[in-house]
Amino acid sequence: MRRRWAVVALGVAALLMWGWVQEEKAAVLPASAGPERTLIWVELDNKRLTVYKNGEAEAVFPIAAGAGDTPSPIGAFRVTSRFMTDLSGFGTRFLGLNVPWGSYGLHGTNKPNSIGKNASHGCIRMNVSDAEKLYAMVPTGARVVIEGGPYGPLNWGLRTLREGDRGADVRQLQLRLIQRGFLYGGADGVFGASTRRAVVAARKALGFSPGDQADRALQRALGCVEFE
């Protein structure tokens with residue numbers, strides 16, 4: 001039988017790659033598989049991924065998280081894409097997430113020694129056999145919560161944010177700017193031109209020196225406070 005092939009996008013943080021997989025392997029699981037009854041809980045600090053079905057833990061797997069310069073996204077997301085392929089840097093299975101500020105996923109790896117470490121470009125790495133088990137257990141649409149400990153989206157502290165930055169902390173800044181009326185529209189976690197203009201306006205209105213960066217002092221003034 002002649003095989004058909006489909007092009008899929010393989011995302012790693014802000015890097016977008018393209019690859020070929022067999023079309024029948026790119027298919028998604030039906031919605032009837034119960035996405036609302038499935039929850040994937042990822043603990044970055046503990047390097048652990050737990051799969052819950054109907055509130056009960058069904059499986060626990062060790063993971064690798066993002067490195068310091070390329071942290072994993074923190075927040076609540078959904079599985080929105082998937083593919084199977086031959087062994088590669090993504091292992092043999094990939095579950096894509098709807099992170100608004102970049103392309104991230106849960107996948108296997110051809111570097112098993114990285115498991116248990118902060119080593120990826122932001123994706124959640126798993127042992128190949130574990131990723132294959134997860135792929136079979138989880139339907140498209142399933143909820144995914146990635147948490148980094150008690151500091152939540154500000155897990156790495158209040159870093160100075162500037163145009164071009166991406167992440168959960170950028171999204172928190174945007175939400176605060178929206179609440180104070182400096183920014184209009186959605187909070188997508190990408191520090192673009194509109195966020196820069198909002199920061200300029202916020203600095204002026206709150207009595208800070210002129211500038212277009214959101215330093216620790218401005219973030220605190222807007223209400224972006226770490227867990228204390």
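Strands here are DSSP runs of E of at least two residues, and helices are runs of H or I of at least four, numbered from the N terminus. This is a predicted model, in which local features need pLDDT of at least 70 and side-chain atom pairs count only at pLDDT 80 or more, while totals for chains, interfaces and linings use all residues. Residues are numbered from 1 along each chain as its sequence is written, and side-chain values use heavy atoms, with hydrogens and water left out.

Consider β12 as a whole. Strand β12 spans residues 143-147 and runs parallel to β3, residues 38-43. The two are joined by 5 bridges. Strand β7, residues 75-88, runs antiparallel to β12. Here 4 bridges make the link. Two strands count as paired if DSSP finds at least two bridges between them.

Now the chain overall. Its secondary structure comes to 4 helices and 12 strands. The chain has 228 residues, and 46% of them count as buried. Buried means under 20% relative accessible area, exposed means over 50%, and partly exposed lies in between (1.4 Å probe, protein chains only). The chain exposes about 11,400 Å². Carbon and sulfur atoms supply 52% of that area. Areas come from the Shrake-Rupley method with a 1.4 Å probe; for residues, only the protein chains shown count as cover. Among contacts between residues at least 6 apart in sequence, 53% join residues at least 24 apart. A contact means heavy atoms within 4.5 Å.

Next, the interior. In soluble globular proteins, nonpolar side chains tend to be buried together. The largest nonpolar core has 28 residues. Ile40, Leu49 and Leu134 have the most contacts inside this core. Helix α1, residues 128-137, gives the core its largest share, 3 residues. Apart from this core lies another, of 12 residues, including Val170, Leu173, Ala214 and Leu218. A nonpolar core is a set of buried Ala, Val, Leu, Ile, Met, Phe, Trp, Tyr and Cys residues joined through side-chain atoms within 4.5 Å. Beyond four places in sequence, Leu49 touches Ile40, Trp41, Val42, Ala59, Val60, Phe61, Ile63, Leu106, Ile124, Met126 and Leu134.

Leu177 sits in helix α2, residues 168-179. Its relative accessibility is 0%, so Leu177 counts as buried. Leaving out residues up to four places away, Leu177 touches Phe182, Leu183, Thr195, Ala198, Val199, Ala202 and Leu222. Leu177 and Ala202 are 25 residues apart along the chain, yet their C-alpha atoms are separated by 7.7 Å.

Polar residues are also found under cover. Arg125 belongs to strand β11, residues 124-126. Arg125 is buried because its relative accessible area is 11%. The side chains of Arg125 and Ser114 make a polar contact at 3.1 Å. A polar contact is a pair of N or O atoms within 3.5 Å; within protein, one must be able to donate a hydrogen and the other to accept it, and residues adjacent in sequence count only if both atoms are side-chain atoms. Outside four places in sequence, the contacts of Arg125 include Pro62, Ile63, Ala64, His107, Thr109 and Lys111. Ser114, Ile115, Ala119 and Ser120 are also among them.

Ser72 is another case. Ser72 lies in the loop between β6 (65-66) and β7. At 3% relative accessibility, Ser72 counts as buried. A polar atom of the Ser72 side chain lies 2.8 Å from the backbone nitrogen of Gly66. The backbone oxygen of Gly122 lies 2.9 Å from a polar atom of that side chain.

Most residues other than glycine have a negative phi. Lys47 has a phi near 55 degrees, a positive value. Lys47 is found in the loop between β3 and β4 (48-53). With a relative accessible area of 15%, Lys47 is buried. Asn54 also has a positive phi, of about 55 degrees. Asn54 lies in the loop between β4 and β5 (56-62). At 56% relative accessibility, Asn54 counts as exposed.

Last, the cysteines. Cys123 is buried at 1% relative accessibility. Cys224 is buried at 3%. The structure holds 0 disulfides, a disulfide being a pair of cysteine sulfur atoms within 2.5 Å.
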